[in-house]
Amino acid sequence: MTNQKKIVLSEEEIPEQWYNVVAEMPNKPMPILHPGTKQPLKTEDLFPIFAEELSRQETNQTDVWIDIPEEVREKYRIYRPSPLVRATGLEKALDTPAHIYFKNESVSPVGSHKLNSALAQAYYCKKEGITNITTETGAGQWGTAMAFAAETFGLELAVYMVKISYEQKPYRRSLMQTWGAQVIASPSMSTKAGRKILTDHPTYQGSLGTAISEAIELAMQTPNCKYTLGSVLNHVSLHQTVIGLEAEKQMEIAGEYPDIIIGCFGGGSNFSGIAYPFMRHNFKEGRKTRFIAAEPSSCPKLTRGIFQYDFGDEAGYTPLLPMFTLGHNFAPAHIHAGGLRYHGAGTIVSQLLKDGWMEAVDIDQLDSFEAGVLFARTEGIVPAPESSHAIAAAVNEALKAKEEGIAKTILFNLSGHGLVDMSAYDQYFAGDLTNYSLSDEDIKKNVDQLEKII
């Protein structure tokens with residue numbers, strides 16, 4: 001393990017605005033559709049589900065910069081700006097000419113980047129006079145962040161946690177409860193959506209799509225309650241751009257500019273956070289930076305899914321989103337990177353991928369853990385299983401640079417630490433983890449059930 005080179009900004013350099021990439025995209029995403037009428041959704045159609053200001057951010061396609069409320073910036077100061085680190089230990093282990101940097105989002109109180117949007121969403125709900133909020137969580141990072149944010153702004157929170165993660169990751173559940181949230185294993189008997197799924201599939205271990213359905217249903221049935229979401233949607237990606245905006249300043253201090261930018265990919269929150277601020281330079285200045293989303297091989301919506309209108313949840317409560325999807329009924333394998341077990345991608349990412357502004361790779365579970373262990377042994381940080389997918393992709397690119405003899409600059413987002421994921425590492429060291437593969441027939445069978453709107 002060698003000395004890291006860390007670049008830290010002052011509190012005054014926390015961004016004052018979020019970057020709204022949609023306003024500068026050469027091709028805007030196709031419209032979100034009302035699930036009943038199949039007509040383009042109006043901003044006010046989202047008001048029953050989301051806080052009104054979040055709904056306006058979701059549909060804003062004109063303002064490039066959106067002010068960060070000072071109350072939110074004040075909370076960001078607890079942990080932001082996050083460090084940018086040159087991974088010299090990893091470079092040495094790989095014997096690569098590449099320069100590898102990572103943005104360390106694990107320094108937040110909840111251990112991941114998710115707090116960047118959780119604080120914003122809780123603030124807007126509180127400002128609107130909302131008293132109760134609901135959400136879902138896969139591996140628990142988003143639920144943990146939302147629990148912290150709800151406690152910070154004095155809101156009551158109910159979290160539907162994917163059942164397999166509820167059982168695999170008890171300490172994330174404990175963290176949510178410590179910050180005052182109610183945590184329910186999903187699917188549950190507390191909602192119509194959950195009861196139907198359990199009736200049809202009594203042993204079903206859950207998915208993010210199921211948990212989203214339950215959280216939305218509870219929000220719609222509870223007075224003075226709104227739903228909050230941790231990924232996929234535009235306003236979530238917007239809040240996460242503080243990551244890339246800080247990284248821009250830090251890379252400038254380092255005297256380098258990324259040739260390749262990488263983020264792990266579930267619904268798109270941390271990938272968009274690190275990528276979108278840099279991507280505007282490709283749009284406007286002709287930069288040639290490559291943007292790589294690293295998803296699990298067991299849930300390959302970007303690499304093997306289809307571009308089609310689909311629901312963001314399993315029960316069909318959400319609007320119809322134009323996105324790369326495996327179908328909202330897709331049941332992902334029980335990998336430990338629970339935050340990446342989602343059937344679809346956000347509308348922005350899907351349009352960017354469709355237009356060739358970014359690319360995607362799929363990573364096997366065992367390869368991700370191998371990369372995570374290498375990173376821990378060279379850089380001293382145990383990464384979350386999700387983040388290890390980005391590390392694996394960065395390792396692959398660094399080894400390609402070695403083969404080509406080119407000193408490329410690689411930047412990836414370390415979206416969170418894995419200190420409450422150690423049971424997953426125990427299973428890896430014991431040889432109890434496996435890779436999961438999907439046949440083309442399995443994928444086709446599922447996506448063929450989608451209504452062909454495109």
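A: A salt bridge is taken here as a side-chain nitrogen of Lys or Arg within 4 Å of a carboxyl oxygen of Asp or Glu. The model is a predicted one, in which local features need pLDDT of at least 70 and side-chain atom pairs count only at pLDDT 80 or more, whereas totals for chains, interfaces and linings use all residues. Residues are numbered from 1 along each chain as its sequence is written, and side-chain values use heavy atoms, with hydrogens and water left out.

The structure holds 22 salt bridges. In one of them arginine 290 meets glutamate 359, at 2.9 Å from N to O. Arginine 290 belongs to strand β11 (residues 290–296) and glutamate 359 to strand β14 (residues 359–363), so the pair ties together parts 69 residues apart in sequence; strands (E, at least two residues) and helices (H or I, at least four) are DSSP runs, numbered from the N terminus. Arginine 290 is partly exposed, at 27% relative accessible area, and glutamate 359 is partly exposed at 29%, where buried means under 20%, exposed over 50% and partly exposed in between (1.4 Å probe, protein chains only).

Arginine 80 and glutamate 246 form another salt bridge, their closest N and O atoms being 2.8 Å apart. This pair links distant parts of the chain, 166 residues apart, with arginine 80 in the loop between α2 (70–76) and β4 (84–86) and glutamate 246 in helix α11 (residues 242–254). Both arginine 80 and glutamate 246 are buried.
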